[in-house]
Amino acid sequence: MKPAPLEQTPTKANEAPTLTSATFEDLVHEMLVRLGENPSREGLVDTPERVHKAMKFLTKGYQEDPEALLKGALFHEKYDEMVIVKDVEMFSLCEHHLLPFFGKVHVAYIPNGRVIGLSKIPRLIELFSRRLQIQERLTTQIAETIQKVIEPQGVGVVIEARHLCMMMRGVEKQHSAAVTSSMLGSFRDSQETRSEFLSLIRQRPNGV
């Protein structure tokens, strides 16, 4: 027997939970019911708990401070040539349909007296991607945070990604990719700098 749908008004003790009092697991259980499934069958009994754990992991970026992350690995260095970290794998959730989008992120900056530990760039990418996102915002957040924290001569970020909201539903185009970029400082002002960055990230054996 299917449980009664969740109500949006206060209820008395021993009655079905309301939207405000329901646990995450209650809400997933209700979603399964509304999809026409039986949450009590073997394959779905533990699904509400599993979904809760998965969503906590996939959105853990809300609990992290991106500026503190970068400030923990700042080093004074006179190096003033381009630093590139490319082909960083990225997985995120589209905020419009809660479906994944995934691809590669390429980040470059030109130091202005300070550099950051190279491992911090992939971690920064993961931090912002572990939130409900759109690709355009993700791109600018990465670039603007690096620009703000280390104040380099410039920052360039390019993301190439595929979106399951396009591949599984809607237009259902399986081989399309979205490309976004954010260019700040010398990457925006200098065509030569921008072209060098774009040329270097194209020199890779693997695609998105």
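Buried means under 20% relative accessible area, exposed means over 50%, and partly exposed is in between (1.4 Å probe, protein chains only). This is a predicted model, in which local features need pLDDT of at least 70 and side-chain atom pairs count only at pLDDT 80 or more, while totals for chains, interfaces and linings use all residues. Residues are numbered from 1 along each chain as its sequence is written, and side-chain values use heavy atoms, with hydrogens and water left out.

**Stop 1**

Select Glu49 and Lys53. Both belong to helix H2 (residues 47-58), four residues apart, about one turn of the helix. Helices (H or I, at least four residues) and strands (E, at least two) are DSSP runs, numbered from the N terminus. Glu49 is partly exposed because its relative accessibility is 40%, and Lys53 is exposed because its value is 54%. The two form a salt bridge, with the closest N and O atoms 3.4 Å apart. A salt bridge is a side-chain nitrogen of Lys or Arg within 4 Å of a carboxyl oxygen of Asp or Glu. Side chains of opposite charge can pair when their charged atoms come close. How many salt bridges does this rule give? The count is eight.

**Stop 2**

Now select Glu95 and Arg137, whose side chains meet in a salt bridge (3.0 Å, N to O). Glu95 sits in the loop between strand E2 (83-94) and strand E3 (100-110), and Arg137 sits in helix H5 (residues 135-150), so the pair ties together parts that are 42 residues apart in sequence. Glu95 counts as partly exposed at 33% relative accessibility. Arg137 is also partly exposed, at 27%.

**Stop 1**

Next, select Arg130 and Glu126, which are joined by a salt bridge (3.7 Å, N to O). Is Arg130 buried or exposed? Arg130 counts as buried because its relative accessibility is 12%, while Glu126, at 31%, is partly exposed.

**Stop 2: a lysine without a salt bridge**

Select Lys120, in helix H4. Lys120 is buried yet has no salt bridge, and the nearest side chain of opposite charge, Glu64, is 9.6 Å away. For charge, Lys and Arg count as positive and Asp and Glu as negative; His and the chain ends are not counted. Contact means heavy atoms within 4.5 Å. Neighbours within four places in sequence aside, Lys120 is in contact with Leu69, Leu70 and Ala73.

**Stop 3: the sheet**

Switch to a cartoon view and find the open sheet of five strands, in the order E5-E2-E3-E6-E7, with mixed pairing. Two strands pair if DSSP finds at least two bridges between them. Strand E5 (132-133) and strand E7 (178-185) stand at the edges with a single partner strand each, so one side of each has no neighbour in the sheet. E2 and E5 run parallel and are joined by two bridges. Select Cys94 to see one end of a bridge; its partner in E5 is Gln133.

**Stop 4: the core**

Finally, select Val105 and Ile142, which touch the most other members of the largest nonpolar core, a set of 30 residues. A nonpolar core is a set of buried Ala, Val, Leu, Ile, Met, Phe, Trp, Tyr and Cys residues joined through side-chain atoms within 4.5 Å.
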